[in-house]
Amino acid sequence: MPDSPQKRTALSLVDAFNRMDVPAIISHRHPTCLRHFYPTAMAQRAQDNAGYSKSLTSLRTIFRNFSLVVDELIEDSANRRVCMWLSARADTAAGDYVNEYVWLLDFDETGEKIVRTKEFSDALMARDFFPKLKEAMATQRARAAAEQVVVNGL
């Protein structure tokens with residue numbers, strides 16, 4: 001049996017992430033799609049496509065060699081829904097980024113556009129990793145500014 005439209009779209013979305021192709025990622029989303037973050041203890045507001053695009057664009061410069069692997073995919077064809085358990089990794093200024101996600105994707109009637117995402121992330125990993133990343137990036141910016149001063153002979 002051939003893959004459903006929503007399964008093809010979900011896998012195409014993962015491929016777009018593996019290329020960090022922000023326009024391709026956003027192209028899989030319906031214009032009114034919202035991205036919801038969980039657990040709610042992370043206290044992050046839902047993102048529309050413009051906000052999501054901005055976030056992804058900034059992360060593209062931070063996460064090198066980003067990759068997502070689909071560990072499991074469950075499909076509810078009748079309700080046009082796909083749930084994926086994903087493993088993520090990337091290289092960053094703070095070292096290896098290793099995380100797990102569960103994405104619950106709801107699709108339009110064609111199965112080609114995502115109308116809502118619920119993204120569950122490892123909150124402990126995020127709590128511990130992102131302050132280190134912020135510090136490493138500040139150190140890199142300071143080092144680059146110092147090198148620029150030396151280059152300019154100031």
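By salt bridge I mean a side-chain nitrogen of Lys or Arg within 4 Å of a carboxyl oxygen of Asp or Glu. The pair links distant parts of the chain, with Asp106 in strand β4 and Arg116 in strand β5, 10 residues apart. Arg116 is partly exposed, at a relative accessible area of 30%. For those labels, buried is under 20% relative accessible area, exposed is over 50%, and partly exposed is in between, with a 1.4 Å probe and protein chains only.

Before I go on, the ground rules. This is a predicted model, so local features need pLDDT of at least 70 and side-chain atom pairs count only at pLDDT 80 or more, while totals for chains, interfaces and linings use all residues. Residues are numbered from 1 along each chain as its sequence is written, and side-chain values use heavy atoms, with hydrogens and water left out.

Back to Asp106, then. Arg81 is partly exposed at 27%.

Now the other salt bridge I want to show. Arg19 and Asp21 meet through their side chains at 2.9 Å, N to O. Both ends are partly exposed: Arg19 has a relative accessible area of 45%, and Asp21 has 26%. Salt bridges that share partners join Asp15, Arg19 and Asp21 into one network. Across the whole structure, the search finds 8 salt bridges.

Let me zoom out to the fold. The protein chain has 4 helices and 5 strands, and from the N terminus they run α-α-β-α-β-β-β-β-α. Those are DSSP runs numbered from the N terminus, helices being H or I with at least four residues and strands being E with at least two. The C-alpha atoms fill a box of roughly 65 × 30 × 30 Å along the principal axes. Of the 154 residues, 33% are buried. Taking contacts with a separation of 6 or more, 54% are between residues 24 or more positions apart, where contact means heavy atoms within 4.5 Å.

The chain exposes about 9100 Å², and carbon and sulfur atoms supply 56% of that. The areas come from the Shrake-Rupley method with a 1.4 Å probe, and for residues only the protein chains shown count as cover. On charge, there are 20 positive and 20 negative side chains, with the centres of the two sets 6 Å apart. Lys and Arg count as positive, Asp and Glu as negative, and His and the chain ends are left out; each charge is placed at NZ of Lys, CZ of Arg, CG of Asp or CD of Glu.

Which residues gather in a patch of negative charge on the surface? Asp71, Glu72, Glu100 and Asp122. Patches are built from residues with over 30% relative accessible area and no salt bridge, joining like charges within 9 Å, or nonpolar side chains (Val, Leu, Ile, Met, Phe, Trp, Tyr) within 5 Å. Asp122 lies in the loop between β5 (114-121) and α4 (123-151), and Asp122 is partly exposed at 31%.

Most residues other than glycine have a negative phi, and most peptide bonds are trans. Here, the peptide bond from Tyr38 to Pro39 is cis, with omega near 5°. Pro39 sits in the loop between β1 (29-38) and α3 (49-62), partly exposed at 33%. Setting aside neighbours within four places in sequence, Pro39 is in contact with Ser121 and Ala123.

Met20 is not a glycine, yet its phi is positive, about 50°. Met20 lies in the loop between α1 (5-18) and α2 (22-27), and Met20 is buried at 10%. Arg80 also has a positive phi of about 50° without being a glycine. Where is Arg80 found? In the loop between β2 (64-76) and β3, where Arg80 is partly exposed at 32%.
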